[in-house]
Amino acid sequence: MRREVREETGVESTVDELAAVTEVTVTDGGREATFFFGTYRATADSTDLASDPGLDGESIETVAWRDAVPENCLDETLVRRLQ
């Protein structure tokens, strides 16, 4: 989790705890794939965001701190409960 946050935002963080695991199953015609997503509580070591987020070849254009959870994001209800 620390590596992903650093790579995608430039922010160093300390993992506090695993808060939840969400199972998501995606279907496409006759194909099906199941993914498990961990939601962690963490503390940012700073609030400075990268000006060039992500790794080379990734399509991350910008990162930003939000005052509220964006609508229709994965686990919106869960994240709101954990705030």
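## A walk across the surface patches

Start by selecting Val 15, which sits in strand β1. The model you have open is a predicted one. Colour Val 15 by accessibility and you will find a relative accessible area of 33%, so this residue counts as partly exposed.

Now widen the selection to the neighbours that share its patch. Together with Met 1, Leu 18, Val 21, Phe 36 and Tyr 40, Val 15 makes a nonpolar surface patch of about 560 Å². Which strand gives the most to this nonpolar patch? It is β1, with three residues. Show β1 (13–28) and β2 side by side: each of them supplies at least two residues of the patch.

Next, pick out the aromatic rings. Searching the whole structure turns up one aromatic pair. Select Phe 35 and Phe 37: their ring centres are 6.4 Å apart and their planes meet at 35°, so the pair is tilted. For the angle, the tilted class lies between stacked, under 30 degrees, and edge-to-face, over 60.

For the last stop, switch to a charge colouring. Select Glu 8, Asp 52, Asp 56 and Glu 58, which form a negative surface patch. Centre the view on Asp 56, and follow the chain on either side: this residue is placed in the loop between β2 (31–44) and α2 (76–82). Its relative accessible area is 79%, so Asp 56 is exposed, the cut-off for that class being over 50%.

Key
Residues numbered from 1 in each chain as written. Predicted model: local features only at pLDDT ≥ 70, side-chain atom pairs only at ≥ 80, totals over all residues. Heavy atoms only, no water. Patch = residues over 30% accessible without salt bridge, like charges linked within 9 Å, V, L, I, M, F, W, Y side chains within 5 Å. Areas by Shrake-Rupley, 256 points an atom, 1.4 Å probe, with all protein chains shown as cover. Salt bridge = Lys/Arg side-chain N within 4 Å of Asp/Glu carboxyl O. Lys, Arg positive; Asp, Glu negative; His and termini not counted. Charge placed at Lys NZ, Arg CZ, Asp CG, Glu CD. Helix = DSSP H or I, 4+ residues; strand = E, 2+ residues; numbered from the N terminus. Buried < 20%, exposed > 50% of the residue type's maximum accessible area, 1.4 Å probe, protein only. Phe/Tyr/Trp six-rings, centres within 6.5 Å; stacked < 30°, edge-to-face > 60°.
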